Amino acid sequence: MTVKIFTIQRDEDDILEDWLRYHIYLFGKENVYVIDHKSKKSRATIEKYGVNLIKYDGPFELNGKANILSKTINDHKAGSTLVLPVDVDEFVIQIQYNEQNMFCKVICDRDTIRKRLAQYAKEATKDGFKFQSLTTRVNGQDDVLTTCDQCGTENKDKFSRWKSFYAAKKFSRTDQGNHGVPGETYHKTDMGLIHFHNRGFDHFKQKYLRWKDTYGKCWGMNGSHWKKVYDQIEGKTDEEMRKVWMGRINTNKGDHKEVFIPFHEKIRELRSNESKDN
């Protein structure tokens, strides 16, 4: 079974190498496709890891992201069983649930994940599948990939808004946020994404100030959750913006620390292995 994973990114340098290492580990570098959108220096990083780089300098707004992602998947899905469109701040996992149907552990083992995906591929009687997204909360640490200890289940009660993936033979297109195409039907799965929507202060500032030139230009999808924060920090000093960021930090004691330990360990392991190789 071959799984191909596709993402689009722009200057996400604080997370890009970890995303590449992790998904190369899961699926092999030949099956990782990164669309780079007008980055200043990220293209050299992508080339260093030997994955498939697609250079894109067209529009992001007005479904530009959805169009280039759909085109890239259709151009390269041959030879694959499943295609996974994800954002560069999302990491593919399997979720283990307890008897109360609450998530209790994330699974990052390559063989386990690939075996589970192969089982879903055999059940491809619907148009696609759904990931459950675990969105990590701001904890005030710069290295959130190895310190995250709280999360929320994104769109928990809105199945249509869960992120989607597809049997390659059934894929036609994706939407701007990879939530799924209206009118198509989807399998519920125990596959998941750890979503690092909020990271350190520098990322917070860059991401929200850039809203005006990305989702802010979209018709019908203007990213209201982005606009709310953008309005709070537009024209503000770094000190004032930092106060807004600090206000978003969850000060409660982490209650999901045990859940994320396997992911923390895998990220550290992959970083360490690369250091040894170099």
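This is a predicted model: local features need pLDDT of at least 70, side-chain atom pairs count only at pLDDT 80 or more; totals for chains, interfaces and linings use all residues.
User: Where is Lys 163?
Analyst: Lys 163 is in the loop between strand 8 (151–153) and strand 9 (164–167). Strands are DSSP runs of E, at least two residues, and helices are runs of H or I, at least four, numbered from the N terminus.

User: Lys 163, buried or exposed?
Analyst: Buried, with a relative accessible area of 4%. Buried means under 20% relative accessible area, exposed over 50%, and partly exposed in between, with a 1.4 Å probe and protein chains only.

User: What lies 3.3 Å from a polar atom of its side chain?
Analyst: The backbone oxygen of Gly 177. Leaving out residues up to four places away in sequence, Lys 163 also touches Asp 87, Glu 90 and Glu 154, among others; contact means heavy atoms within 4.5 Å.

User: And His 195, which strand is that in?
Analyst: His 195 lies in strand 10, which spans 186–195. His 195 counts as buried at 8% relative accessibility.

User: Which side chain does the His 195 side chain make a polar contact with?
Analyst: That of Asp 89, at 3.2 Å. A polar contact is a pair of N or O atoms within 3.5 Å; within protein, one must be able to donate a hydrogen and the other to accept it, and residues adjacent in sequence count only if both atoms are side-chain atoms. Beyond four places in sequence, residues touching His 195 include Glu 90 and Glu 154.

User: Switching to cores. How many residues are in the largest nonpolar one?
Analyst: The largest nonpolar core has 49, and Tyr 22, Val 92 and Phe 263 have the most contacts inside it. Helix 1 (residues 16–27) gives the largest share of this core, seven residues. A nonpolar core is a set of buried Ala, Val, Leu, Ile, Met, Phe, Trp, Tyr and Cys residues joined through side-chain atoms within 4.5 Å.

User: Which residues are in the second, separate core?
Analyst: That core has 15 residues, including Phe 6, Tyr 33, Ile 54 and Leu 69.

Methods. Residues are numbered from 1 along each chain as its sequence is written. Side-chain values use heavy atoms; hydrogens and water are left out.
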